[in-house]
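User: I would like to learn how to read aromatic pairs and nonpolar cores in a protein model. Could you take me through them step by step?

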Amino acid sequence: MKIDALVLTFLLNALWLTPAALAAGALGARLLHRAPARQRHVLWLAVAAACVLLPAASLPRPDRALAAENPPAARAAAAGDGAAWLDWLPEGGRRPAAFPPIAGSAVLLGYGLLLAARAVRLGLTWSRTNGLARRALPLEVPEHAAPLVARCRKILGIGAVDLLASNEVAGPVTLGALRPAILLPPGFLDGASPEEALSALGHEMAHVRRRDYAVNLLCEALLIPVAFHPAVRLVRRRLAEAREMACDEAVLETLIGRRSYARSLLSLAASIAGLDRPSYTLGVADAHTLEVRMKRILDDGPRMGARRARAALGAALLLLAGIGAAGSVFSVDASVAVGTGDLKPFVGTWSGDWPADKDGKGPGQRAVDLEVRPGGEIWATWYRYEKAADGSMKAEKRARPVASYAVAGKTLTFKVRVEDFKFRDNPPAAAEMRESLELQGRDAAVFKVLSNSYFEAAKKRGEPVPPPPPPISMKRAS
């Protein structure tokens, strides 16, 4: 599959799989409403990964390469069976979507520029944040604040951590992926009350212990391919809320009471209101999450036990996995047709039927429609008719876009890729079918199946294969 078709396939599936992952995360978060925030953070990390991995999983897999490259074992076909050629005709398959070449090229160019812009933006922000740390100076901890710093380090179990002073930050922040550091405005520990200092230092050291800066940076890099989607903003917001709440809970469980911590957060937030916070730093008074955090801090309702929380998290992750399984079934394939020659004589919808097998007891009648559009798109639609128990005829159809074509005189030759070609009880495999439409008059033509990579590979291995389908007459709809 060409790179523009791969990109279109990824984007088409991302359009619906990303909000589906968000919906699964929202349902899972309801299950975890009374669970520790760290459990919800794990859930939203999984949702963020799913936003990228689910559309990526919709791409053709290496193990589904063309059967000619890695063919499964084909079983022998009875040479004398007059209906054996029916095994050449594809059934089922993923849902394809065809695009003209110019659309594929435009999307590829635009998406490539978007990815480059996002990557450059993240790189520049990373560089500026590192520069902020390099320009900061070691913090001289006042004598009265030294016991608070030591207490936070001991209780949160993080050992030594760099405390730096910087005029470029308005309040306490954490940064650094490999070597986390806490930056404080000069004089912060002199002017803060013991409760405020304990709250700020405890919260930032909880970030250090959890390696939140590095995890957040990796998430931002991971989400670049789907950053265009509005649902990703909500995922980022839920991640930030769960991350900050997890640090709040670490402080509340070990260092300070709820109301004292809430008062300290409000005081810190008021002191830095209206001031910018450097990008990709983590701060105790993050205004974007403060309101929902305050509600959580002051909520003294019962909390879910550790065992129930783990079970609820498992259920939420299973729900997310179910979305992934559904995505593999309902994902869409994009196909960008390329070809040479004048399609104008072939434009229209052509229809033809194969006869039933010789004794009328076989799989049933098959038919094919070939739609040639003026813009260069060609669709092949295969039909399979079966008689139901009540005697009525039941039709199954599947449309597939043509991947490439060539016109030579009165003959249109084209290729159709079938992602899950099935022969008898062998595992499905990808196959490429080469077919032709030869004009016999203004509205008459002959359709032929010329080759099938699945059976060509089997034939090279010396295995018997069914004969190709006979040519059929096609009529163009008026």
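Predicted model: local features only at pLDDT ≥ 70, side-chain atom pairs only at ≥ 80, totals over all residues.

User: How is a pair of aromatic rings described?

Analyst: A pair of aromatic rings is described by the distance of the centres and the angle of the planes. In this model the count comes to eleven aromatic pairs. In one of them, the ring centres of W354 and W382 lie 5.9 Å apart with their planes at 5°, so this pair is stacked, the angle being under 30 degrees. The pair links distant parts of the chain, since W354 belongs to strand β9 and W382 to strand β11, 28 residues apart. Both W354 and W382 are buried.

User: What kind of pair do F421 and F455 form?

Analyst: F421 and F455 form an edge-to-face pair, with 5.7 Å from centre to centre and 90° between the planes. This pair also joins distant parts of the chain, with F421 in strand β13 and F455 in helix α12, 34 residues apart. F421 counts as buried because its relative accessibility is 1%, and F455 counts as buried at 2%. F421 and F455 also belong to one aromatic cluster with W88, F423 and Y454.

User: Which residues touch the most other members of the largest nonpolar core?

Analyst: In soluble globular proteins, nonpolar side chains tend to be buried together. Here the largest nonpolar core has 36 residues, and those touching the most other members include I182, F188, M205 and Y261. Helix α6 gives the largest share of this core, seven residues. A second, separate core of 35 residues includes L86, Y405, L439 and F447.

Note on methods: Residues numbered from 1 in each chain as written. Heavy atoms only, no water. Phe/Tyr/Trp six-rings, centres within 6.5 Å; stacked < 30°, edge-to-face > 60°. Helix = DSSP H or I, 4+ residues; strand = E, 2+ residues; numbered from the N terminus. Buried < 20%, exposed > 50% of the residue type's maximum accessible area, 1.4 Å probe, protein only. Core = buried A, V, L, I, M, F, W, Y, C linked by side-chain atoms within 4.5 Å.
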